[in-house]
Structures are given as C-alpha cells and as structure tokens.
Amino acid sequence: MQGILYEETSIWQFLFITCVLGGWTAWRTGKSVADTWHNFPRLLLYVALLGWAIRFIHHALFGATMFSLQYYIVDTIVLLLFATAGFRYYRTKQMTNNYYWLYEKASPFSWKTK
C-alpha cells in the first residue's frame, strides 16, 4: 500500500496525520457546516481546503511531496468520509430536535417522517 495510498515510510504517519488529526478536524468541519445550516457543497469546499492543509502537514513534518495530485486525492477522500459522517450525524440531530413533530431518527445518520 505504501506508494499508492501514502508516501511516508510508515503507515502510522499516514494514519496519525490523515485519519486521526485530519479526521477529527473533518468531523468538526462537518459539524460546523451542519450547525450553521449550510448545504453539502459548502462542506465540499471546506474539505478541499482541508486536504491542502493536511498535505502541508505531511510535507512540513515528514518531507512528503506537497503538490502531489495522487496523495491529495487520497487524503481528501479520507477527509470527505469523516466530514460527511459528521455532517449527517449533526444534521440528523438538528432535524429531529428542531422539528420533533415532523421527524424521528431512523439511524444516527438519517431521519424519517413520523
């Protein structure tokens, strides 16, 4: 997998920077977008910018390639998964709390009409 998903010498660097630090930041980004009632395209813009920030951290700490399209796409897809999960989780919470007479939770990430 080294060379396809990450370019660092250890997978632990990729997992810590992209999945732990970036994933937590992406989850909180999804929460922020949902809390302010913005739509999903706004989330995509923020995740694209966050992907560049994560690439910079890889570059600054571990000497990775800063402008690599392949690794940028991999990092951004991972971040998008976390951000979408955070967005759907908090949007579901919003819809079921604010419109409790209309909607109920179907799962942690979706709602249905009563």
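This note goes through the fold, the helices, the hairpin and the aromatic contacts of the model.

1. Basis. The model is predicted, so local features are taken only at pLDDT of at least 70 and side-chain atom pairs only at pLDDT 80 or more, while totals for chains, interfaces and linings use all residues. Residues are numbered from 1 along each chain as its sequence is written, and side-chain values use heavy atoms, with hydrogens and water left out.

2. Overall fold. The protein has three helices and two strands, in the order α-α-α-β-β from the N terminus on. Helices (H or I, at least four residues) and strands (E, at least two) are DSSP runs, numbered from the N terminus. Along the principal axes, the C-alpha atoms fill a box of roughly 55 × 20 × 20 Å. Of the 114 residues, 35% count as buried; buried means under 20% relative accessible area, exposed over 50%, and partly exposed in between, with a 1.4 Å probe and protein chains only. Contact means heavy atoms within 4.5 Å. Among contacts between residues at least 6 apart in sequence, 59% join residues at least 24 apart.

3. Helix H2. This helix covers residues 40–62, and its 23 residues should span 33 Å at 1.5 Å a residue; the end C-alpha atoms are 32 Å apart, which agrees. The expected span is 1.5 Å times one less than the number of residues. The buried residues in H2 are Leu-43, Val-47, Leu-50, Gly-51, Ile-54, Arg-55 and His-58. The buried residues of H2 pack against helix H1 (11–35) and H3. As background, an α-helix has 3.6 residues a turn, so residues three or four places apart point the same way.

4. After H2. Gly-63 follows H2 and has a positive phi, near 70°. Ala-64 is in the loop between H2 and H3 and counts as buried, at 5% relative accessibility. Ala-64 and Thr-9 are 55 residues apart in sequence, with their C-alpha atoms 9.8 Å apart in space.

5. The end of H1. Asp-35 belongs to helix H1 and is partly exposed, with a relative accessible area of 35%. Its side chain is joined to that of Lys-31 by a polar contact of 2.4 Å. A polar contact is a pair of N or O atoms within 3.5 Å; within protein, one must be able to donate a hydrogen and the other to accept it, and residues adjacent in sequence count only if both atoms are side-chain atoms. Asp-35 and Thr-65 are 30 residues apart in sequence and 35 Å apart in space, C-alpha to C-alpha.

6. Lys-31 and Tyr-90. The charged end of Lys-31 sits over the ring of Tyr-90, 5.1 Å from the ring centre. A charge sits over a ring if NZ of Lys or CZ of Arg is within 6 Å of the ring centre and within 35 degrees of the ring normal.

7. Trp-27. This residue lies in helix H1. Leaving aside neighbours within four places in sequence, Trp-27 is in contact with Phe-82, Ala-83, Ala-85, Gly-86, Tyr-89 and Tyr-90. The C-alpha atoms of Trp-27 and Leu-79 are separated by 8.2 Å, although the two are 52 residues apart along the chain.

8. Aromatic pairs. The structure holds ten aromatic pairs. Rings of Phe, Tyr and Trp (its six-membered ring) pair if their centres lie within 6.5 Å; planes under 30 degrees apart count as stacked, over 60 as edge-to-face and the rest as tilted. The Tyr-89 and Phe-109 rings have centres 6.3 Å apart and planes at 65°, so this pair is edge-to-face. It links distant parts of the chain, 20 residues apart: Tyr-89 is in helix H3 (residues 69–98) and Phe-109 in the loop between strand S1 (103–107) and strand S2 (110–113). Tyr-89 is partly exposed at 24% relative accessibility, and Phe-109 is partly exposed at 38%. Ring pairs link Trp-27, Tyr-89, Tyr-90 and Phe-109 into a cluster.

9. The hairpin. S1 and S2 run antiparallel and are joined by four bridges; two strands pair if DSSP finds at least two bridges between them. The hairpin joins S1 to S2 through two residues. Tyr-103 has Thr-113 as its bridge partner in S2. Tyr-103 also forms an edge-to-face aromatic pair with Trp-111, at 6.4 Å centre to centre and 70° between the planes. Tyr-103 is partly exposed at 22% relative accessibility, and Trp-111 is partly exposed at 25%.
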